[in-house]
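Here is a protein model to look at.

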Amino acid sequence: MKFLETLRSLRSSQALTGLAEWHANLMGYRQMGLRFDDLVPDESDLVQEALRRLPPREFQDRHFRFKRALNLSMLKTQAPREEWTTAATDIAYLSPYINLVEAEIQTKENFDNLDSIPAALRNRNRSS
């Protein structure tokens, strides 16, 4: 129990937060104007479904960021400093949709694997 409390306090410590920020900046995607969720490969059906559920504006912004990053990469340069993604703007926009789709898939698999209706559900649902 004490170990978990120590781990939680360490995770929220200023030193670790600073180290995580330094690492994110070192990765280089922010200098291209990308967000962390832009780095998620979109070949899987799971991510494809999450992308389909994105609001149209967010989906268009994602493609714009990809095109800009590709252009900057071909020019072997970085975006101007004022166009870099900051920690405040590097928010997860795709991960919540991925988590939602994963939860729906898991629920469907659990439902498909049911052999019989559990007694608690049978007693709760009295439609007749």
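**Helices, shape and salt bridges**

The protein has 6 helices and 0 strands. Helices (H or I, at least four residues) and strands (E, at least two) are DSSP runs, numbered from the N terminus. This is a predicted model: local features need pLDDT of at least 70, side-chain atom pairs count only at pLDDT 80 or more, while totals for chains, interfaces and linings use all residues. Residues are numbered from 1 along each chain as its sequence is written, and side-chain values use heavy atoms, with hydrogens and water left out.

Q: Why is R62 called buried?
A: Buried means under 20% relative accessible area, exposed over 50%, and partly exposed in between (1.4 Å probe, protein chains only). R62 has a relative accessible area of 1%, so R62 is buried. Buried residues make up 21% of the 128 residues in the protein.

Q: Why does R52 count as exposed?
A: R52 has 58% relative accessibility, so it passes the cut-off of over 50%. E49, at 22%, is partly exposed.

Q: Why are R52 and E49 called a salt bridge?
A: A salt bridge is a side-chain nitrogen of Lys or Arg within 4 Å of a carboxyl oxygen of Asp or Glu. The closest N and O atoms of R52 and E49 are 2.5 Å apart, so the pair qualifies. Both residues lie in helix α3, 3 residues apart, about one turn of the helix. By this rule the protein has 13 salt bridges.

Q: How do you know that the salt bridge of R65 and D38 links distant parts of the chain?
A: The side chains meet at 2.7 Å, N to O. R65 is in helix α4 (residues 56–74), and D38 is in the loop between α2 (14–27) and α3 (45–53), 27 residues apart. Both residues are buried.

Q: Which residues do salt bridges with shared partners join into one network?
A: They are R35, D38, D42, E58, R62 and R65.
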